[in-house]
Amino acid sequence: MRFLVLPFVLSVLFTFVVLRLFGGHVLWSNHSSLNDPQALHVHPVPRLGSIGIALALGFGVLQIIWTAPYLTGPQLQLFGAALAAASIGLTEDLTGSVTVRLRLVWVTAAAVLASFIDGVRVQHTDLSWLDWVLANSGLASVLLTAFIITGLTNAFNIIDGLNGLASACAMIILAAIGYVAFLVGDMWVAAFAAVSLGAVAGFFIWNYPGGFIFLGDGGAYLCGFVVCVLGLLLLSRNPDEVSPMFPLLLCIYPIAETCFSVYRRGLKSKPVSRPDRGHLHSLLFRRLDSRLGRKLGNTERRRNSVTTPYLWALCLGSVVPAVFMYDNFWALLVTICAFVMVYLVLYRSIVRFRAPKWL
């Protein structure tokens, strides 16, 4: 808890300062995402959530180093790689002129850099043929690690479409990683997960339900990058206690959303990188019962925030069983398949206006 409290308080304060300094800046009127196809807000909002999170995370890392030197680990290297990935997103948030290709290349480079951090590289999958390839080819291990980190980093950016969605999913997953790390005795991963959880939670206070500030690309990249690297570290440091399917099930919601988005756009012969309003969270927002909207004043901001908990429940639907079965390969694999089926059925139902009554 002591590693969680300080980053949380600092994140709340730093994000407040960012809001006071830049919340009413003319930049958000000139460079705004209001006209983007995926936009679900109606007023210019600063996309600088990454600043408060990064500063709080940095102080949290220093807290671990100074107050718990016995928790040895690559804290600074991990923080530096995460900042490198987030920097290109923050540049896009500030300028609106960074191409998707450049962002992808930059994040991939940061992921390759992270693959050289001790314990991050993927070498254990419980698939004998793949483990043999990874054990005999350092290049294959680096490429697979970079692919996983880059994919999940961008996946968090894809689900960042509602107030509190991406940040809450990151918090839920970080809490699960920290808890399982505590169970298997990996206090270093548990401490870093707590620090990260506190930093994101401080931002969450200002993002949900009011939507006063957004993660932006920089914040989404930072959350996705840290979540992915911590999951890989937990797996590589505890190969006998944690199944390789555990991090996959934890993050299956953003992964499923990303893979299905690529599939959807491919079917329509649209560029994979072009944003649209076909994401599950976008459909839920538009299909939300109008009666509920009237009770809330029928404002876009309130409907935005009320839609988010449905997706929290979806995320918890994968994270909770993952925590209980973190060491069971086949049970985790079956749950992954079941989640994908639920996601597809739910998506199809909403598209066909046959959503369950509880929605």
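Modeller: A salt bridge is a side-chain nitrogen of Lys or Arg within 4 Å of a carboxyl oxygen of Asp or Glu. Keep that cut-off in mind; this is a predicted model.

Colleague: Why is the contact of arginine 47 and aspartate 93 called a salt bridge?

Modeller: The N to O distance is 3.0 Å. The cut-off is 4 Å. The pair is within 4 Å, so the term applies.

Colleague: What does the pair of arginine 47 and aspartate 93 tie together?

Modeller: Arginine 47 lies in the loop between helix 2 (27–30) and helix 3 (49–67). Aspartate 93 belongs to helix 4 (residues 75–95). The pair therefore ties together parts that are 46 residues apart in sequence.

Colleague: How do you know whether arginine 47 is buried or exposed?

Modeller: Its relative accessible area is 14%. Buried means under 20%, so arginine 47 counts as buried. Aspartate 93 is buried too.

Colleague: What makes aspartate 217 buried?

Modeller: Its relative accessible area is 7%. The limit is under 20%, so the label holds.

Colleague: What about aspartate 217 and arginine 103: how do you know they form a salt bridge?

Modeller: Their side chains meet at 2.7 Å, N to O. That is within 4 Å, so the pair qualifies. Arginine 103 sits in helix 5 (residues 100–114) and aspartate 217 in helix 10, so parts 114 residues apart in sequence are tied together. Arginine 103 has 11% relative accessibility, so it counts as buried as well.

Colleague: What makes Arg47, Asp93, Arg103 and Asp217 a network?

Modeller: Salt bridges link them. Arginine 47 meets aspartate 93 and also aspartate 217. Aspartate 217 in turn meets arginine 103. The whole structure has four salt bridges.

Colleague: Now the second largest pocket. Which kinds of residue line it?

Modeller: The lining divides into 15 nonpolar, one polar and one charged. Ala and Met count as nonpolar, Gly as polar. The pocket has a volume of about 320 Å³. Of its 17 lining residues, the closest to the centre are Met1, Gly178, Ala190, Ala191 and Ala194.

Colleague: Which element gives the largest share of that lining?

Modeller: Helix 9, with six residues. Helix 1 (2–22), helix 8 (165–183) and helix 9 (187–207) each give two or more.

Conventions. Residues numbered from 1 in each chain as written. Predicted model: local features only at pLDDT ≥ 70, side-chain atom pairs only at ≥ 80, totals over all residues. Heavy atoms only, no water. 1 Å grid on protein atoms, 1.4 Å probe; cavity = no way out; pocket = protein on both sides within 12 Å on 5 of 7 lines; lining within 4 Å. Points joined across faces, edges and corners; volume = space filled by probe spheres on them. Helix = DSSP H or I, 4+ residues; strand = E, 2+ residues; numbered from the N terminus. Buried < 20%, exposed > 50% of the residue type's maximum accessible area, 1.4 Å probe, protein only.
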